[in-house]
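Please keep the sequence and the model in view while reading.

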Amino acid sequence: MTGLQWASGSSLSMTPSEAMALKSLGMCQSPDARESGAVLGSVELWLAIVAILALLLALGWWLSFTAVRLDRLHTRNEATEAALDAQVVRRAEAAVEDAYSGELNPASAELLLDAATHALQQQGSGRRNAAMPNLSSPTCSPWLLTLLALR
């Protein structure tokens, strides 16, 4: 006679051939098999939990690393914009100063004032690329651009 337990936990005494038939149908299992299956299941569960935690930790690190890089990029971008705005103001001031100096003919002085005014109006509005070519437009003479570049 063999002592077997049902999946529900109740025990039963039967012959070895009956026990083999029930085991093959999956209706009962020996106490040792049930305990080893529980241990194996808990190890697999812990491994799955550890793997999920490791993935979440790696994802969190990557998101943090990316956020820091984006913050640095944003800071550098703002500093560059501030430097460009300051450069536009300095060049426009130099252009206005040169236009009123009396060394230029009136037409060139008027074009230079218009370009400087337009550059200052566009400053900080995000349309800097539209403002900068006016100081180097074909209507400005090359020597005037050289004069501005030297300042």
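Of the 151 residues of the chain, what percentage count as buried? The figure is 20% of those residues. The model is a predicted one, and every value below was computed from it.

**Overall architecture**

The chain contains five helices and three strands. Followed along the sequence, these elements come in the order β-β-α-β-α-α-α-α. Among the contacts in the chain with a separation of 6 or more, 41% join residues 24 or more positions apart. The chain exposes about 10900 Å² in total, and carbon and sulfur atoms supply 64% of that area.

Helix H3 covers residues 106-122, which amounts to 17 residues. From its first C-alpha to its last, helix H3 reaches 24 Å, close to the 24 Å expected at 1.5 Å a residue. Its buried residues are Ser 108, Ala 109, Leu 112, Leu 113, Ala 115, Ala 116, Ala 119 and Gln 122.

Several of these residues belong to the largest nonpolar core, a set of eight made up of Ala 92, Ala 95, Ala 99, Leu 104, Ala 109, Leu 112, Leu 113 and Ala 116. Helices H2 and H3 each supply at least two residues of this core, and H3 gives the most to it, with four residues. Leaving aside neighbours within four places in sequence, Ala 109 is in contact with Ala 99 and Leu 104.

Ala 116 counts as buried because its relative accessible area is 0%, which lies under the 20% cut-off. His 118, by contrast, counts as partly exposed because its relative accessibility is 26%, a value between the limits of 20% and 50%.

| Pair | Separation in sequence | C-alpha to C-alpha distance |
|---|---|---|
| Ala 116 and Ala 95 | 21 residues | 6.3 Å |
| His 118 and Ala 92 | 26 residues | 9.2 Å |

**A nonpolar patch on the surface**

Which residues form a nonpolar patch on the surface? They are Leu 45, Trp 46, Ile 49, Ile 52, Leu 53, Leu 56, Leu 59, Trp 61, Trp 62, Leu 63 and Phe 65. Together they have about 1200 Å² of accessible area. One of them, Leu 53, lies in helix H2, which spans residues 31-99. Why does Leu 53 count as exposed? Its relative accessible area is 53%, and exposed residues are those over 50%.

**Summary**

Terms used. Residues are numbered from 1 along each chain as its sequence is written. This is a predicted model: local features need pLDDT of at least 70, side-chain atom pairs count only at pLDDT 80 or more; totals for chains, interfaces and linings use all residues. Side-chain values use heavy atoms; hydrogens and water are left out. Patches are made of residues with over 30% relative accessible area and no salt bridge: like charges are joined within 9 Å, nonpolar side chains (Val, Leu, Ile, Met, Phe, Trp, Tyr) within 5 Å. Accessible areas come from the Shrake-Rupley method with a 1.4 Å probe; for residues, only the protein chains shown count as cover. A salt bridge is a side-chain nitrogen of Lys or Arg within 4 Å of a carboxyl oxygen of Asp or Glu. Buried means under 20% relative accessible area, exposed over 50%, partly exposed in between (1.4 Å probe, protein chains only). The expected span of a helix is 1.5 Å times one less than its number of residues. A nonpolar core is a set of buried Ala, Val, Leu, Ile, Met, Phe, Trp, Tyr and Cys residues joined through side-chain atoms within 4.5 Å. Contact means heavy atoms within 4.5 Å.
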